[in-house]
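Trainee: I have a model open and want to learn how to read it. Where do we start?

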Amino acid sequence: MQIKRIKFLDKGFLFSLAIILAFGLVILFSASSGITSDPFYYVKKQILWLIVGLVMAIMLIRFDYSQLEGYWKYLYGISIITLVIVLIFGQEVRGTTGWIGFGPFPKIQPAEFTKILLILAFAAYLNKRKDSLDTFREMLPCFIFMGIPFLLIMMQPDLGTALVYIAVTLVMMFIAGANPKVLGMIILIASLFIALMLFMHFKFDTWMPLDDYQIKRLIVFVDPYNDGQGGRDAGWNTIQSLVAIGSGGLTGKGLFNGSQVQLNFLPEHHTDFIYAVIGEEMGFIGAVLVILLYGILLIRAVIISFNANDLYGSFLVIGITAMWMFHIFENIGMSIGIMPITGIPLPFLSYGGSAMLTNMLAVGFILSVNMRGKKLVF
């Protein structure tokens with residue numbers, strides 16, 4: 001039965017994903033070819049991670065995702081233990097203690113994988129509480145559920161991943177039937193509280209659970225030219241990204257011809273700011289094409305969610321979709337200067353082994369839900 005249903009996997013989802021992955025390898029080659037003596041260094045590593053991810057995704061497609069619902073407590077426990085271990089034994093990279101290395105093996109970022117584990121666990125948790133999310137008191141256990149890993153992530157501190165947790169929590173709760181008025185009020189109060197904390201910090205030097213450079217990143221996008229002297233300054237990153245995208249024009253300068261990229265004016269252009277590479281070398285047309293491809297991927301994922309065989313599968317796919325949506329919005333937003341720089345990657349395009357494996361695991365779960373849906377999607 002499974003073999004027969006595989007051919008009915010969502011073709012729109014698979015097509016958009018395949019184009020994004022292929023496009024990502026091409027643009028990564030252009031972005032990273034001048035970083036090391038081997039122009040294929042980062043592309044070869046990315047392809048390796050992609051192959052491993054594809055194998056894991058295929059295994060997950062054949063696996064019945066619903067079997068995990070009964071083990072949500074263990075999944076949640078593994079997530080918490082993993083994040084605690086990272087705080088104790090993690091290695092610092094760019095100001096964040098979020099990486100673990102094992103001898104000669106590449107460093108991994110466990111927080112990436114815990115996103116999937118937490119979505120799996122939270123989907124089951126919400127399924128049990130789906131009819132009891134009308135008041136703040138009824139929602140509070142859900143906020144505590146996701147609040148514990150959020151606090152552990154903030155202790156690293158990894159602001160970008162912490163914000164992903166918030167987005168995933170709110171979207172999944174909304175789809176599970178949480179009162180939208182109460183959710184809206186919570187978001188408003190939380191936003192005002194954060195604004196007040198920032199004001200108190202800059203006015204009276206009060207404590208903030210972030211490093212100074214991370215706090216700058218939250219506000220410098222309003223006026224990057226107040227902090228544009230290079231080095232670790234967030235303003236410099238934003239300015240160079242805007243210059244790169246703006247100079248690309250309609251059709252771009254062509255692969256390997258972007259001056260901001262190839263001359264290394266644009267920081268982290270193979271990871272955080274790969275969208276700026278697309279804007280400079282592929283132009284407005286390439287930048288819009290990427291957004292359209294992501295749009296197709298996300299819409300097809302939502303359709304798969306609506307046609308899931310059970311609520312657990314539906315919540316699971318929506319959680320992954322929310323994760324991708326926030327990554328895309330935040331990464332592209334910081335590249336064009338409308339969002340603060342948080343350092344989260346662009347799914348399937350930015351270089352990174354942990355991120356690629358996490359996203360391919362997510363693909364596997366989505367297609368597992370798709371294959372067992374109550375209505376096959378064409």
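Mentor: Start with burial. Buried means under 20% relative accessible area, exposed means over 50%, and partly exposed is in between, with a 1.4 Å probe and protein chains only. Now the case: Glu112 is buried, and Lys115 is buried too.

Trainee: What kind of model is this, and how are the residues numbered?

Mentor: The model is predicted: local features need pLDDT of at least 70, side-chain atom pairs count only at pLDDT 80 or more, and totals for chains, interfaces and linings use all residues. Residues are numbered from 1 along each chain as its sequence is written, and side-chain values use heavy atoms, with hydrogens and water left out.

Trainee: How many helices and strands does the protein have?

Mentor: Helices (H or I, at least four residues) and strands (E, at least two) are DSSP runs, numbered from the N terminus. Here the protein has 14 helices and two strands. The radius of gyration is taken over C-alpha atoms, and the globule rule is 2.2 Å times the number of residues to the power 0.38. The protein's radius of gyration is 21 Å, close to the 21 Å from the globule rule for 378 residues, so the protein is as compact as a globular protein of that length. The C-alpha trace spans about 55 × 50 × 45 Å along its principal axes.

Trainee: What share of the contacts joins residues 24 or more positions apart?

Mentor: Contact means heavy atoms within 4.5 Å. Among contacts with a separation of 6 or more, residues 24 or more positions apart account for 70%.

Trainee: Next, charges. How many positive and negative side chains are there?

Mentor: Lys and Arg count as positive, Asp and Glu as negative; His and the chain ends are not counted. The place of a charge is taken as NZ of Lys, CZ of Arg, CG of Asp or CD of Glu. The protein has 25 positive and 22 negative side chains. The centres of the two sets lie 12 Å apart.

Trainee: How many salt bridges does that give?

Mentor: A salt bridge is a side-chain nitrogen of Lys or Arg within 4 Å of a carboxyl oxygen of Asp or Glu. The count comes to five. One of them joins Glu112 and Lys115, at 3.3 Å from N to O. Both residues lie in helix α5 (residues 110-129), three residues apart, about one turn of the helix.

Trainee: Which residue does Asp64 pair with?

Mentor: Asp64 forms a salt bridge with Arg372, the closest N and O atoms being 3.8 Å apart. This pair links distant parts of the chain, 308 residues apart. Asp64 sits in the loop between α3 (41-62) and α4 (72-89), and Arg372 in the segment after α14 (353-371). Asp64 is partly exposed at 25% relative accessible area, whereas Arg372 is buried at 15%.

Trainee: And Lys44: what does its side chain meet?

Mentor: The side chain of Lys44 meets that of Asp38 in a salt bridge of 2.9 Å, N to O. Lys44 is partly exposed at 48% relative accessibility. Asp38 is also partly exposed, at 25%.

Trainee: Now the backbone. Which peptide bond is cis?

Mentor: Read omega. The bond from Gln156 to Pro157 is cis, with omega near -10°. Pro157 lies in the loop between α6 (136-154) and α7 (159-175).

Trainee: Where does Asn264 lie, and what is its phi?

Mentor: Asn264 has a positive phi of about 65°, although it is not a glycine. Asn264 lies in the loop between α11 (259-262) and α12 (274-306). Its relative accessible area is 46%, so Asn264 is partly exposed.

Trainee: Is Phe348 buried or exposed?

Mentor: Phe348 counts as buried, at 4% relative accessibility. Its phi is near 70°, a positive value in a residue other than glycine. Phe348 is found in the loop between α13 (311-335) and α14.

Trainee: Last one: what does Gln240 touch?

Mentor: Leave out residues up to four places away in sequence, and Gln240 touches Gln260, Phe265, Leu266 and Pro267. Gln240 lies in helix α10 (residues 234-247). At 9% relative accessibility, Gln240 counts as buried.
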